[in-house]
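These are my notebook entries on one chain. I record what I looked up, entry by entry.

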Amino acid sequence: MLATERESLRHEIAELAEKYEHKRDGMMPVLEAVQEKYHCVSDFAMQEVARQLGVFPTEVYGVVSFYSFLSTEPRGKFAIRLCRTLSCDFAGKREVARQLENELEIKFGETTPDGLFSLEYCNCLGMCDHGPALLVNNDVYTEVSPELVSDILEKYRRMFGPASQLEEKEASHA
Ligand code: FES
């Protein structure tokens, strides 16, 4: 990370911590905001959060490593989390997992080279009667079949593909 990037991250964390009055209770929303913007919570970010909130860095690390939606490694812009718990397993999780890996050409725990998608497993999402269930960032999908995987991925590719970037550009010139 460049010195200027560190400085701007430091500044952003300071602003977030200020918003939560530098209280320990603000740790989760601060970490979520960092994760959302940078797709990970780096060592530097964890140290800064600890410093700004007046807690030990090990405490911040404990939180980041406990919650699956926080990550110390960069994730894709769209983090796909497939439930690996029993009901979803019985409902066909394995076939969905295989389809995701085939379509994205990565394994679980990896990120696509374009940085768009990452694949990981998570535990029960509370949708056990409608498995297999998965999340794409905060969007929930239930009763996902291998056939549905393409449609789901296409939706996010379109959101971030050349067409959407062109639309954004056109909108900014309007
Ligand atoms: S077992 Fe998958 S959502 Fe509960």
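Entry 1. Leaving aside its neighbours within four places in sequence, with which residues is Val96 in contact? I found Leu82, Pro132, Val144, Pro146 and Val149 on the list for Val96. Here two residues are in contact if their C-beta atoms, placed from the backbone, lie within 7 Å.

Entry 2. I noted the basis of the work before going further. This is a predicted model, in which local features need pLDDT of at least 70 and side-chain atom pairs count only at pLDDT 80 or more, while totals for chains, interfaces and linings use all residues. Residues are numbered from 1 along each chain as its sequence is written.

Entry 3. I then looked up the overall layout. The chain has eight helices and four strands, where helices (H or I, at least four residues) and strands (E, at least two) are DSSP runs numbered from the N terminus. Read from the N terminus, the order of elements is α-α-α-α-β-α-α-β-β-β-α-α. Along the principal axes, the C-alpha atoms fill a box of roughly 45 × 45 × 25 Å. I recorded that 24% of the 174 residues count as buried. A residue is buried if 20 or more other C-beta atoms lie within 10 Å of its own, exposed if 12 or fewer, and partly exposed in between, with C-beta atoms placed from the backbone. Among contacts with a separation of 6 or more, 60% join residues 24 or more positions apart.

Entry 4. I checked the domain division. Domain 1 covers 3–66 and domain 2 covers 78–165, with bounds that come from an automatic or database domain assignment. Their C-alpha centres lie 28 Å apart.

Entry 5. I examined the sheet next. It is an open sheet of four strands in the order S2-S1-S3-S4, with mixed pairing; two strands pair if DSSP finds at least two bridges between them. S2 and S4 are the edge strands, each pairing on one side only. On average, neighbouring strands are turned by 20 degrees against each other, direction ignored. For such angles, axes are lines fitted to C-alpha atoms, for helices over the stretch in contact, and values run from 0 to 180 degrees between N-to-C directions.

I went through the pairs in turn. S1 and S2 are parallel and share six bridges, and Leu82 has Tyr121 as its bridge partner in S2. S1 and S3 are antiparallel over three bridges, with Arg81 opposite Leu135 in S3. S3 and S4 also run antiparallel, joined by three bridges, and there Val136 stands opposite Asp139 in S4.

Entry 6. I asked which residues of S1 point each way. Phe78, Ile80 and Leu82 point one way, Ala79, Arg81 and Cys83 point the other way, and all are buried. H6 lies across S1 and S2, at about 155 degrees to S1.

Entry 7. I turned to the largest nonpolar core, which has 18 residues. Such a core is a set of buried Ala, Val, Leu, Ile, Met, Phe, Trp, Tyr and Cys residues joined through C-beta atoms within 7 Å. Ile80, Leu82, Val96, Leu100, Ala133, Leu134 and Val144 touch the most other members. At least two residues each come from S1 (78–83), H5 (86–91), H6 (93–104), S2 (117–122) and S3 (134–136). S1 gives the most, with five residues. Apart from this core lies another, of 14 residues, among them Val41, Met46, Val60 and Val64.

Entry 8. I inspected helix H3 (residues 43–53), whose buried residues are Ala45, Met46, Glu48, Val49, Gln52 and Leu53. Seen down the axis of H3, these fall within an arc of 165 degrees, so they line one face of the helix; the arc is that of the directions from the helix axis to the C-beta atoms. They pack against H1, H2 and helix H4 (57–66). Gly54 follows H3 and has a positive phi, near 70 degrees.

Entry 9. Thr142 lies in the loop between strand S4 (139–141) and helix H7 (146–160). Thr142 is partly exposed because 16 other C-beta atoms lie within 10 Å. Leaving aside its neighbours within four places in sequence, Thr142 is in contact with Met127, His130, Gly131 and Ala133. Lys23 is in the loop between helix H1 (3–19) and helix H2 (27–38). Lys23 counts as exposed because it has 11 C-beta neighbours inside 10 Å.
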